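This briefing covers strand pairing, sheet order and nonpolar cores. Please read it alongside the sequence and the structure shown here.

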Amino acid sequence: MKEIVPTPPAIVHNEQQAVLGLFQKYVVPSYGRFELVLARGQGSHLWDVNGKRYLDLGGGIAVCSLGHANAEITEALVEQSRRMVHVSNLYYHEPQGRLAQQIVRHLAPGKVFFSNSGAEANEGLYKLARKFGHDEGRFEIITALNSFHGRTLAGIAATGQEKVKKGFEPAVQGFKHVPYNDLQAMRDAITPATVAILIEGVQGEGGIAPASPEYLLGLRQLCDERRILLLMDGVQCGHFRTGRFQSFQRLLEGIAGAEKFLPDGVSMAKSLGGGFPIGAFWVREEHHGVKLCDLLGPGTHATTYGGTPLGCAVANKVFEVIERDRLADNARATGAWMKAELEKLAGQFPHVIKGVRGLGFMLGLELAEHIPAFENTGKVASLNFVNRLHDAGVLTVPSGTHVVRFLPALNLRREDAAEGVALITGVVKAIA
Ligand SMILES: *Cc1c(COP(=O)(O)O)cnc(C)c1O
């Protein structure tokens, strides 16, 4: 692919200042943003308004599954928008039905509800769980510490991190948190009011932490014994990022007794739309003798935009390209190559990189506790490191205070991955 970089005109520096000025004046300052003003992208590269080129290993936080300015996504958008963009869920249309079929085909018999975001997808799962337990007076949902489930009021109640809750009390009732990957803690936390357990297969915001196979199998057994729903948040770790459609499918590969493992519900968003905002949850056909997939009957749950013809046409295209181009295999193989390279780097510079976590295209660099170059900067290590990478021309996503995440496009080319490793190596050497 040939990339043409335009020479920046002389006035562009003012454009950066002008955009920052607009935000300062008119945009609610709820985000901690980096001082980069991005203008356009192509594949796994982005350009800022000054014409500087960046390798995008953050993928818009695991969203841009086919990279930037993907021609097939553009075509799907244009073609569908010429027919119809939106009709509401008062009516039927083919793209939504077909997308639901795709999701079911990749999981197991069940049905799908469409939302507009990850938080809303999880919101649907909370309502499903409450409906399931309602007549028995059960409502409590147990999640993991360091989890992340979105920023709605129920989302921050479900999220196992104090920082998202602070200042927004009183919290939505009925959520509690236990240490992740600790089966006994989960067992001990269950009460007669418990109706569901919700976990991420690989914690994303929590610093790239995969669930152990024993944990997943143990949770399934526990849920079966206590008639509790096992729900999985696949918003970040889903959609082929780990090398399989959902992370549990990858994490349980080759594990004896895991063939029949299935959660009762799975939420998704981020990579599902490749950048078009769309979320969904899948619910299993039947479990515990209840027809789970029909629990939310007419009138019980809705959203105006959910599963528009336009959003579904794009998501269908994303599915099609991922399968045709075997991008799950690319995430698995190129991710493994990157991980091995980064582990070598960690071995060479243990005073900068403590370790490498994750799998596929969901990787995390764990930074060392005390990096002299970062002392007295007033910023946590992850932010310092991300800023250094920006200077070197690489975009990544911080996770907590000491982890830097890589969540690239699923079609990241090997040569782009190699460019990333080389640039990261340069930054680590400069810090060491
Ligand atoms: C991003 C994320 C969410 C929230 O998704 P939004 O689209 O931002 O609402 C929920 N769960 C996980 C695991 C996420 O990474």
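The model is predicted: local features need pLDDT of at least 70, side-chain atom pairs count only at pLDDT 80 or more, and totals for chains, interfaces and linings use all residues. Residues are numbered from 1 along each chain as its sequence is written, and side-chain values use heavy atoms, with hydrogens and water left out. Helices (H or I, at least four residues) and strands (E, at least two) are DSSP runs numbered from the N terminus; two strands pair if DSSP finds at least two bridges between them.

- Strand E1 (residues 38-42) runs antiparallel to E2, and four bridges join the two.
- Gly41 has Leu46 in E2 as its bridge partner.
- Two residues separate E1 from E2 in a hairpin, and Gly43 in its turn has a positive phi of about 60°.
- Strand E3 (residues 53-56) pairs with E2 over three bridges, in the antiparallel sense; here Trp47 has Arg53 in E3 as its bridge partner.
- E2 and E3 also form a hairpin, with four residues between them, and Gly51 in that turn has a positive phi of about 90°.
- In a regular strand, side chains alternate between the two faces of the sheet.
- In E2 (residues 45-48), His45 and Trp47 point one way and Leu46 and Asp48 the other way, and all are buried (under 20% relative accessible area, 1.4 Å probe, protein chains only).

**The seven-stranded sheet**

- An open sheet of mixed pairing has seven strands in the order E4-E12-E11-E10-E7-E5-E6.
- Its edge strands, E4 (110-115) and E6 (175-178), each pair on one side only.
- From one strand to the next the twist averages 20°, where axes are lines fitted to C-alpha atoms, for helices over the stretch in contact, and angles run from 0 to 180 degrees between N-to-C directions.
- Strands E11 (residues 265-268) and E12 (residues 279-284) run antiparallel and are joined by four bridges; Val266 has Trp282 in E12 as its bridge partner.
- Helix H4 (residues 94-106) packs on the sheet and touches E4, E11 and E12 (contact means heavy atoms within 4.5 Å); the direction of H4 makes about 125° with that of E4.

**Nonpolar cores**

- A nonpolar core is a set of buried Ala, Val, Leu, Ile, Met, Phe, Trp, Tyr and Cys residues joined through side-chain atoms within 4.5 Å.
- The largest core has 92 residues, and Ile103, Phe385 and Ile424 have the most contacts inside it.
- Domain 1 (9-63 + 326-431) and domain 2 (72-324) each contribute at least three residues to this core; the domain bounds come from an automatic or database domain assignment.
- Leaving aside neighbours within four places in sequence, the contacts of Phe385 include Val352, Leu365, Phe374, Ile424 and Ile431.
- A second, separate core of 21 residues includes Tyr126, Phe175, Ala196 and Val283.

Notes
Buried < 20%, exposed > 50% of the residue type's maximum accessible area, 1.4 Å probe, protein only.
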